[in-house]
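User: I have a model open beside me and would like to learn how to read its features. Could you take me through them one at a time?

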Amino acid sequence: LTRLQQIHREAQFYWDFIWVENSNGFHNWDEAHRVLDKAEALINEGMGVLDSV
């Protein structure tokens, strides 16, 4: 459960960064995709943890 909470917190940070930061994320699509790809990788990791339970 602790690892899932860490994954959620970090993925949520990346997601929030894109929507509230309003410069690098919003106006730079390459950076936005890079950051959201990190969030997606974390989500996939979390789903893998859940599948193994």
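User: Which handedness does the crossing of α1 past α3 have?

Analyst: In this predicted model, helix α1 makes a left-handed crossing as it passes α3.

User: How is a pair of packed helices described in general?

Analyst: Two values do the work: the angle between the axes of the helices and the distance between those axes. Here, α1 covers residues 2–21 and α3 covers residues 29–51. Their packing angle is about 160°, and the axes lie 9 Å apart.

User: What does that angle say about how α1 and α3 run relative to each other?

Analyst: An angle over 145 degrees counts as roughly antiparallel. The angle for this pair is about 160°, and therefore α1 and α3 are roughly antiparallel to each other.

User: Which residues make the contact?

Analyst: On the α1 side you can pick out Arg3, Leu4, Ile7, Glu10, Ala11, Tyr14, Trp15, Phe17 and Ile18. From α3 come Ala32, Val35, Leu36, Lys38, Ala39, Leu42, Ile43, Glu45, Gly46, Val49 and Leu50.

User: How many of the residues in that contact are nonpolar, polar or charged?

Analyst: The contact of α1 with α3 has 15 nonpolar residues, one polar residue and four charged ones.

User: Let's turn to the rings. How many aromatic pairs are there in the whole structure?

Analyst: Searching the whole structure gives two aromatic pairs. One of them joins Phe13 and Tyr14, with ring centres 5.7 Å apart and planes at 65°, so this pair is edge-to-face. As a general idea, an aromatic pair is described by the distance of the ring centres and the angle of the planes.

User: Are the two partners buried or exposed, starting with Phe13 and then Tyr14?

Analyst: Phe13 is exposed, because its relative accessibility of 53% is over the 50% cut-off. Tyr14 is buried, with a relative accessible area of 16%, which is under the 20% limit.

User: Where does Phe17 sit, and what is its accessibility?

Analyst: Phe17 belongs to helix α1. Its relative accessible area is 26%, so Phe17 is partly exposed. If you want a distance to check on screen, the C-alpha atoms of Phe17 and Met47 are separated by 22 Å, and these residues are 30 apart along the chain.

User: What about Gln12 and Arg9, how accessible is each?

Analyst: Gln12, in helix α1, is partly exposed at 33% relative accessible area. Arg9 is also found in α1, and it counts as exposed at 56%.

Note on methods:
Residues numbered from 1 in each chain as written. Predicted model: local features only at pLDDT ≥ 70, side-chain atom pairs only at ≥ 80, totals over all residues. Heavy atoms only, no water. Phe/Tyr/Trp six-rings, centres within 6.5 Å; stacked < 30°, edge-to-face > 60°. Buried < 20%, exposed > 50% of the residue type's maximum accessible area, 1.4 Å probe, protein only. Axes fitted to C-alpha atoms, helices over the stretch in contact; angles between N-to-C directions. Helix = DSSP H or I, 4+ residues; strand = E, 2+ residues; numbered from the N terminus. Parallel < 35°, antiparallel > 145°, perpendicular 65-115°, else oblique. Left-handed = near helix turned anticlockwise from the far one by under 90°. Contact = heavy atoms within 4.5 Å. Nonpolar A, V, L, I, M, F, W, Y, C, P; charged D, E, K, R; others polar.
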